Amino acid sequence: MSSSQSAGRTAIIGAGVMGETLLSGLVRSGRRVDALLVGEKRHERATELEERYGVAVVSNLDAATRADTVALVVKPQDMGEVLAEIAPVLRPGQLLVSLAAGITTAFIESHVPDGVAVVRVMPNTPALVDEGMAAVSPGSHCSEAQLAEAESLMASVGRVVRIPERQQDAVTAISGSGPAYIFFVVESMIEAGVHLGLPRSTASELVIQTLVGSGKMLQETGTHPTVLREQVTSPGGTTASALRELEVHKVRAAFLAAMEAARDRSRQLAEGS
Ligand SMILES: NC(=O)C1=CN([C@@H]2O[C@H](COP(=O)(O)OP(=O)(O)OC[C@H]3O[C@@H](n4cnc5c(N)ncnc54)[C@H](OP(=O)(O)O)[C@@H]3O)[C@@H](O)[C@H]2O)C=CC1
Ligand SMILES: O=C(O)[C@@H]1CCC=N1
């Protein structure tokens, strides 16, 4: 990703898996470390982040006071508590970028002073290798420049699309949780290889390169996945036998049910459960 410099200071509150992924991407993309802050209360974790990135780790209040843009990367269940903590120091013109599943911009806006802009983002973990997919939606009073700032934050770790907020729960189910489904398929294929008698290391190499090659074909040829699948499926051959078993075991229906469940869980998280 290209190097990007924000106009102001950016804070990340919630430096777990996704928060650290964003932090590392911002550092890799060339953001000045002295323009970054992390809000973290656990001393051990703060030391770890300071040593790893050279970033200042401060209290949430300090982070929210000193930053122009605050990325909220805590669990949805912790969002109300964090907003209550930082609301007293937030001021009009600041930008809050929430990466939390389910949490709506309306919920955040109702917990912060008028004039604080909000953008909702759904990222995913391939951001760790600058191949993230993020979908962004502006809140009710977010300027074009503030939306562009949120996009630039996420563009430092991958691709970004703008979507209407009503699509965010579906996006969460598809690309937010998506890497987990892919890793699940990879795990299952490696195990199958072992069942078929391959050494685990061989099975892993075969499956991972098959995944990478297939992904590249999809991206570089732009050919529809159905056509690519048909190209592999020789009449009366091995692939047709395998695909029939996947249909018999209702794998396609299982994917639909799984993603509906993820979307529904995202909606529930919005209600605080
Ligand atoms: N993981 C993923 O693939 C994705 C995650 N997200 C979203 O990102 C958010 C974080 O998820 P994830 O990184 O997986 O979860 P983690 O549990 O790894 O990270 C959450 C972090 O928030 C910290 N935290 C909790 N309470 C506070 C607080 N009051 N002040 C400051 N920090 C606090 C936690 O610290 P401690 O451990 O000390 O409690 C932890 O480091 C969620 O809202 C999730 O929906 C979105 C897309 C993808
Ligand atoms: O599992 C979750 O709730 C988060 C949101 C999307 C991916 N991980």
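A residue counts as near a molecule if its C-beta atom, placed from the backbone, lies within 6 Å of it. I begin with that because the ligand shells I will describe rest on it. The model itself is predicted.

Now ligand 1. How many residues are around ligand 1? There are 27, and those that come nearest are G14, G16, M18, A100 and A101. The shell around ligand 1 divides into 13 nonpolar, 8 polar and 6 charged residues.

Which helix gives the most to that shell? The answer is α1, with 3 residues. Helix α1 covers 17-28, and α4 covers 79-86. Each of these two supplies at least two residues of the shell around ligand 1.

Next, the domains. The chain is divided into domain 1, residues 10-167, and domain 2, residues 178-270. Their C-alpha centres lie 32 Å apart. How many residues of each domain are in contact with the other? On the domain 1 side there are 9, and on the domain 2 side there are 6. The side of domain 1 that touches domain 2 is made up of 5 nonpolar and 4 polar residues, with no charged ones.

Methods: Residues numbered from 1 in each chain as written. Chains lettered and ligands numbered in written order. Predicted model: local features only at pLDDT ≥ 70, side-chain atom pairs only at ≥ 80, totals over all residues. Domains from an automatic or database assignment. Contact = placed C-beta atoms within 7 Å. Nonpolar A, V, L, I, M, F, W, Y, C, P; charged D, E, K, R; others polar. Helix = DSSP H or I, 4+ residues; strand = E, 2+ residues; numbered from the N terminus.
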